[in-house]
Amino acid sequence: MIKIAVDLMGGDDAPQIVLDGIEMFLKEFNDVEIQGYGLPEYNTIQHDNFKFFPCTEQIMMEDEPVRSIRRKKDASMVRAAEAVKLKTADACLSAGNTGALMSAGLFIIGRIIGIERPALAMTLPTIDNKGFMLLDMGANADAKPEHLVQYAKMANVYAKANRKIKNPTIGLANIGTEDKKGNVLTKEAFALLKEETSLKFIGNVEPKSLLNSSADIVVADGFTGNIILKTLEGTANNIFKMLKQTLTSSTKNKLATALIKKDLATLKGKMDYSEYGGAVLFGVDGIVIKAHGSSDKVAFYNALRQARIAVEEDVVNILTKEVGSVE
């Protein structure tokens, strides 16, 4: 049976949305044991496939990541990561402090031998509903060209196993599509990616074309990737705010809105990244998934489903074999 360790205390609306997401997941899947780590009062799920592990501490959003991981030994996030390290769980999942979860992955679970830097990857929506994977989203603000090649290799393995894409296309985030565009990092990374025969590298990709399915995977350093992610999130949120203001600004508009209410809901759903699950921390010797801090129960359910697939497809062992052995 697949075992997933869950930090019940992480997230803006934890633990309730986490518990609701778990219950929703357990109604559908009977081949997974959920190990919930949290404060004793939140042992509220009665299910044969749910095991509760009481903790005395929790890591807060404002906590300094490395210090909190090292000092709060009985925190729910730390205990969940330790379960993966000890092989009593196959994956761990949290919607809590991103920096702390990355630190837990690095310092508790440890890196795959041969992988120099971990990367945080997430599948984001596209207009045609295919989605694309963006990495690194912030695990490493600075990166070397060879790190971006490893990111691409890891994402390539994951896309084949988890997203069932036979031969994923890979693009390099850049300010233009021309081969010679960019700074020193992107120019050198471009050259290395072009030489890598195991990847279907299609060249530079501009941020403006990301939502048009320009590539299945887009790689960037963590600073650039995080800016892209937050720009896309902010733009989508503000467009829907402006749309809502316009559609509710008059009686005429309200009546028209009532007629297309379902279509608007469909449109909003198409741009909801939570439908694809959480962000995966590639490069650590275990499956670590970060759900969005503002996840609702459906988003957390999807993150659990994502973890289940990653375990089923043996993603970590494939990464170790195909990428980790490359020094």
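Reader: What's the volume of the largest cavity here?

Author: About 70 Å³. A cavity is a set of points on a 1 Å grid over the protein atoms alone where a 1.4 Å probe fits but cannot get out, and its lining residues have an atom within 4 Å of a point. Grid points are joined across faces, edges and corners, and the volume is the space filled by probe spheres set on them. This is a predicted model, where local features need pLDDT of at least 70 and side-chain atom pairs count only at pLDDT 80 or more, while totals for chains, interfaces and linings use all residues. Residues are numbered from 1 along each chain as its sequence is written, and side-chain values use heavy atoms, with hydrogens and water left out.

Reader: OK, so which residues lie nearest the centre of that largest cavity?

Author: V280, L281, G286, V316 and L319, out of 13 lining residues. Strand 10, strand 11 and helix 11 (315-324) each give two or more residues to that lining. Helices (H or I, at least four residues) and strands (E, at least two) are DSSP runs numbered from the N terminus.

Reader: And how much space lies in the second largest pocket?

Author: About 340 Å³. A pocket is an open set of points with protein on both sides within 12 Å along at least five of seven lines. It has 18 lining residues, and T98, L120, L229, K290 and H292 are the closest to its centre.

Reader: Which helix gives the most to the lining of that second largest pocket?

Author: Helix 7, with four residues.

Reader: Switching topic: how many residues are in the largest nonpolar core?

Author: The largest core has 64 residues, and V6, F282 and F300 are among those with the most contacts inside it. Helix 5 (residues 145-162) gives the most to this core, with 10 residues. A nonpolar core is a set of buried Ala, Val, Leu, Ile, Met, Phe, Trp, Tyr and Cys residues joined through side-chain atoms within 4.5 Å. Buried means under 20% relative accessible area, exposed over 50% and partly exposed in between, with a 1.4 Å probe and protein chains only.

Reader: What does V6 touch?

Author: Leaving out residues up to four places away in sequence, its contacts (heavy atoms within 4.5 Å) include I22, I34, Y37, A80 and L304.

Reader: Are Y37 and F53 buried or partly exposed?

Author: Y37 is buried at 5% relative accessible area, whereas F53 is partly exposed at 25%. Another pair, Y158 and F282, is edge-to-face, with centres 5.2 Å apart and planes at 65 degrees. Y158 lies in helix 5 and F282 in strand 10, so the pair ties together parts that are 124 residues apart in sequence.

Reader: Last one: how many residues of helix 3 are buried?

Author: Seven of its 10 residues, so helix 3 (residues 76-85) is mostly covered. Those buried residues include S76, M77 and A80. Just after helix 3, K87 takes a positive phi of about 65 degrees.

Methods. Rings of Phe, Tyr and Trp (its six-membered ring) pair if their centres lie within 6.5 Å; planes under 30 degrees apart count as stacked, over 60 as edge-to-face and the rest as tilted.
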